[in-house]
Amino acid sequence: TIAENLRDAAKADSERAKLQGKNGNPLDTPTTQNVDELRMAELTEALKAHEDGWLWDLVNSVKPIFLIGDMGSAKTSMAVSLGLIRENLGHKVHRIADKHLSGENSDKWNLLKPEARHDNNSAILEALQDQIERRSERIAQRPSSKEQFILDEFTQLAKISKEAKELIPLFVTSTYSDTRKAKELFIGVTHSFTNASFGDGVFELRQRGWLIEKFSVNGETPIPRVVIRTGLKDLNGNNLEDVEKTLPSWFRPELIHGHFNDSPISFDNAG
């Protein structure tokens, strides 16, 4: 892993040198595309350098990601940060679903460029049903490009109605069974990971994806600590559970968005 990270870092340095015109190429006045490539190379290098590159593995993973944690632990911020990085890698955001899209997190959601937004319980349930069908269609089409679906406030959806209680286990099964073949990068945000939220009969399926817990000391202030409950594997393919990690100080949506919009992050000076 260390050798691969050093190799990738050297490659990123080489690409950065080319984009900055240090090899005699006529790129002294870089185009927008060149700048975006440079910024992505810098961000990629920082992701790979942080704690053995687990964040880079997460960004590139095709397995569903669920973020859990108490109020104020910045779960939505992490979801948007992941979405922004993937968006700048060329993976469009097909839809965002969150009944608080226009609430306190609207400034974060507005940093993304989704094709569709769903901001109330009825619309969200319709979106989940549509997403199940969309996955089947994309699997049949065998798409070459990936797209994103980010779902917040998942915890209480199964309790909305009898129809919702029946729909949620179907959606969860589809999420863990179909997203890889459909080339969908799914991120879900929830307060709990219980059968009451996810439905009966899907416990084993849930072990196939990423489950990352975030923390807050007082219900308002998030801390860098995260625990990867499931998702990590060792070099022999064995599952690793309850692995302690941290998020770097620059892993925030407003900073990542700014990195690609005239406010580049100084990774050398950031934690």
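Mentor: Ala97 lies in strand β2. Bear in mind that this is a predicted model. Ala97 has a relative accessible area of 0%, so the residue is buried. The cut-off for buried is under 20%. Beyond four places in sequence, Ala97 is in contact with His118, Ile124, Phe149, Ile150, Leu151 and Asp152. The C-alpha atoms of Ala97 and Glu153 are separated by 8.4 Å. Along the chain, those two residues are 56 residues apart.

Now the strand itself. Five of the six residues of β2 are buried, so the rest of the structure largely encloses this strand. β2 has strand neighbours to consider. Five bridges join β2 to strand β4, residues 147–151, and the two run parallel. Within that pairing, Arg95 has Phe149 as its bridge partner in β4. Three bridges join β2 to β3, and these strands also run parallel. Here Ala97 has His118 as its bridge partner in β3. In a regular strand, side chains alternate between the two faces of the sheet.

Take His118 next. This residue lies in strand β3, residues 116–118. His118 counts as buried because its relative accessibility is 12%. The side chain of His118 makes a polar contact with the side chain of Arg95, at 3.0 Å. Leaving out residues up to four places away in sequence, His118 touches Arg95, Ile96, Ala97, Asp98, Leu101, Ala123, Ile124 and Ala127.

Asn120 caps the N-terminal end of α6, with a side-chain oxygen 3.2 Å from the backbone nitrogen of Ser122. After the helix comes Arg142, whose phi is positive, near 50°.

Which residues of α6 are buried? They are Ala123, Ile124, Leu125, Ala127, Leu128, Gln131, Ile132, Arg135 and Arg138. Residues three or four places apart in an α-helix point the same way, because there are 3.6 residues a turn. The buried residues of α6 pack against β2, β3, β4, α7 and β5.

Helix α7 covers residues 162–182. Its 21 residues should span 30 Å at 1.5 Å a residue, and the end C-alpha atoms are 28 Å apart, which agrees. There is a kink of about 40° in α7, centred on Tyr176. Tyr176 is also among the buried residues of this helix, as are Pro169, Phe171 and Val172. Just after α7, Lys183 takes a positive phi of about 55°.

Now the nonpolar packing. Nonpolar side chains tend to be buried together in soluble globular proteins. The largest nonpolar core here has 38 residues. Leu47, Trp54, Leu58, Met78, Ile212 and Phe251 touch the most other members. β2 is among the elements that give two or more residues to this core, and so are β5 and β6. α4 gives the most, with six residues.

Beyond four places in sequence, Ile212 is in contact with Trp54, Leu58, Phe66, Leu67, Ile68, Met78, Val226, Val227 and Ile228. Apart from this core lies another, of 24 residues, including Ile132, Phe149, Leu151 and Ala158. Phe149 and Leu151 are both in contact with Ala97.

Gly90 follows α4, with a positive phi near 105°.

Last, the whole chain. It has 10 helices and 10 strands. Of its 271 residues, 49% count as buried. Of the contacts with a separation of 6 or more, 63% come from residues 24 or more positions apart.

Notes
Residues numbered from 1 in each chain as written. Predicted model: local features only at pLDDT ≥ 70, side-chain atom pairs only at ≥ 80, totals over all residues. Heavy atoms only, no water. Helix = DSSP H or I, 4+ residues; strand = E, 2+ residues; numbered from the N terminus. Expected span 1.5 Å × (residues − 1). Bend = angle between axes of the 7 residues up to and from the residue. Buried < 20%, exposed > 50% of the residue type's maximum accessible area, 1.4 Å probe, protein only. Core = buried A, V, L, I, M, F, W, Y, C linked by side-chain atoms within 4.5 Å. Contact = heavy atoms within 4.5 Å. Polar contact = N/O pair within 3.5 Å; in protein donor to acceptor, adjacent residues only side chain to side chain. Pairing = 2+ DSSP bridges.
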